[in-house]
Amino acid sequence: MSGLLKKLPAKLTKKRSAKASDSTRAPTDKPSSTLKPISNQFTKLLSVTKYLPAGARSSILSKAFGKVVPYVGTTGIYYETVEPNQVVVSLNNNKAVQNHIGSIHAVAITLLAETATGFILGLNLPSDRILLIKSYSVNFYRPIKKGQIAAVSSLSDEQRLHILNTPKGEMVIPCIIEDRESDSDRDPIVVEMTWAWIPKSELEARRQGKANDKPVDSNLVDDRTGAEETGANDANSDNDTHADTNADDTNIDNAKSTAE
C-alpha cells in the first residue's frame with residue numbers, strides 16, 4: 001500500500017467544526033465524466049475513504065494531504081471535494097491567514113488556488129510522472145469579504161485524456177475563486193495557474209547531473225593560478241635574458257665595426 005495511505009489519522013470520525021461546516025456550500029458546475037480514475041497514490045486514498053460520511057472523509061483527506069505537502073498543512077486548507085474531475089478546497093478567515101484589513105491574505109488565496117489546481121492534476125497524472133508549477137498570475141478586481149474563500153478547479157474528460165496520453169507537457173488548469181460571504185456577481189479574483197509534468201526518470205536524471213557537477217576546490221584554483229603566474233614570470237625572465245644577450249652581441253659587433 002502506498003506510503004500516502006499510512007498518513008491516515010487513527011480516528012476516522014473526527015468532525016469538522018460547526019462554524020466551518022455551516023459556511024460550506026455544495027460544489028458548483030461539477031462536470032460530468034465517463035472516464036474511470038487512473039491508479040496512483042491519490043486515487044488509492046480516495047478509494048479507501050469513499051464509503052465514509054462526507055464530513056469525515058473531507059477531514060481525513062485534509063489531514064492526509066496536509067502531510068503530503070507540509071506547508072499547505074499549516075494553513076488550515078480544507079478539502080471539500082476531491083474527485084478526478086473536480087477539486088474544491090476552502091479556507092476559513094482566521095487570524096493566522098488575515099491581512100491588515102481583516103480579510104484573507106492574498107498569498108493565502110494564491111496558495112488555495114495552487115492547491116486546488118495542483119491536486120486535480122495530481123489525481124489525473126500516472127504514477128511515473130511528477131507535476132511542477134510553472135507560472136501563475138493572480139488579479140484582484142474587488143475587495144473580498146471577511147469570510148470563507150474557496151477555490152474550485154475542474155477538468156473535462158478531454159483535458160484528462162490529454163494529461164494521461166502526454167508523457168511530458170503543460171496546461172493552464174482552470175480555477176474559480178469563490179467569495180462565499182459576498183452577494184456580488186463579479187468575481188473578486190481571477191487566477192491562472194500553469195502546471196507542467198515530466199517523467200520522474202527525467203527529473204531524477206537532472207538531479208543526478210547536478211549532483212555530479214562537483215564544485216572546484218578553491219585551493220586548487222589558487223595553486224593553479226600561482227603555478228601559471230610562476231610560469232609567466234619565468235618566461236618573462238627568459239625573454240629578458242635573451243634580450244640582454246642580443247643587446248650585448250649587438251654592442252660587440254658595433255665595437256668591432258668602429259675599430260675597423
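Visitor: Which residues does Lys168 touch, not counting residues up to four places away in sequence?
Guide: Lys168 touches Trp197, Ile198, Pro199, Glu202 and Arg206 when residues up to four places away are not counted; contact means heavy atoms within 4.5 Å. You are looking at a predicted model, where local features need pLDDT of at least 70 and side-chain atom pairs count only at pLDDT 80 or more, while totals for chains, interfaces and linings use all residues. Residues are numbered from 1 along each chain as its sequence is written, and side-chain values use heavy atoms, with hydrogens and water left out.

Visitor: Where does Lys168 sit, and why is Lys168 called partly exposed?
Guide: Look in the loop between helix H6 (157-165) and strand E5. Helices (H or I, at least four residues) and strands (E, at least two) are DSSP runs, numbered from the N terminus. Relative accessible area under 20% is buried, over 50% exposed, and in between partly exposed (1.4 Å probe, protein chains only). The value for Lys168 is 47%, so Lys168 is partly exposed. Although Lys168 and Ala196 are 28 residues apart along the chain, their C-alpha atoms are separated by 7.6 Å.

Visitor: What makes Asn139 partly exposed?
Guide: Asn139 has 36% relative accessibility, so this residue falls in the partly exposed class too. Asn139 belongs to strand E3 (residues 129-140). Leaving aside neighbours within four places in sequence, Asn139 is in contact with Pro188, Ile189 and Val190. Between the C-alpha atoms of Asn139 and Pro188 there are 8.5 Å, with 49 residues of separation along the chain.

Visitor: Is Leu155 buried or exposed?
Guide: Leu155 has a relative accessible area of 1%, so Leu155 is buried. The loop between E4 and H6 holds Leu155. Beyond four places in sequence, Leu155 touches several residues, among them Pro31, Asn85, Ile120, Met171 and Pro174. Ser32 is 123 residues from Leu155 in sequence, with 9.7 Å from C-alpha to C-alpha.

Visitor: How many helices and strands does the protein chain have, and what share of its residues is buried?
Guide: The chain has eight helices and seven strands. Of its 260 residues, 38% count as buried. Among contacts between residues at least 6 apart in sequence, 76% join residues at least 24 apart.

Visitor: Why is H2 called roughly antiparallel to H3?
Guide: Helix H2 (residues 41-49) and helix H3 (residues 54-68) pack at an angle of about 150°, with their axes 10 Å apart. Angles under 35 degrees are roughly parallel, over 145 roughly antiparallel, 65 to 115 roughly perpendicular and the rest oblique. The angle of H2 with H3 therefore makes the two roughly antiparallel. H2 brings Phe42, Leu45, Leu46 and Thr49 to the contact, and H3 brings Arg57, Ile60, Leu61, Ala64 and Phe65.

Visitor: What makes H2 roughly perpendicular to H5?
Guide: H2 and H5 pack at an angle of about 90°, and their axes are 7 Å apart. That angle is the reason why H2 counts as roughly perpendicular to H5. Phe42, Thr43 and Leu46 of H2 meet Phe119, Gly122 and Leu123 of H5.

Visitor: Why does Phe42 count as buried?
Guide: Phe42 has 11% relative accessibility, so Phe42 is on the buried side of the cut-off. This residue is in helix H2. Phe42 and Ile120 are 78 residues apart along the chain, and their C-alpha atoms are separated by 9.8 Å.

Visitor: Which residues of the largest nonpolar core touch the most other members?
Guide: Phe65, Ile77, Tyr79, Val89, Ile104 and Ile177 do, in a core of 40 residues. A nonpolar core is a set of buried Ala, Val, Leu, Ile, Met, Phe, Trp, Tyr and Cys residues joined through side-chain atoms within 4.5 Å. Elements giving two or more residues to this core include H2, H3, strand E1 (78-83), strand E2 (86-91) and helix H5 (106-123). H5 supplies the largest share, 10 residues.

How values were computed. Axes fitted to C-alpha atoms, helices over the stretch in contact; angles between N-to-C directions.
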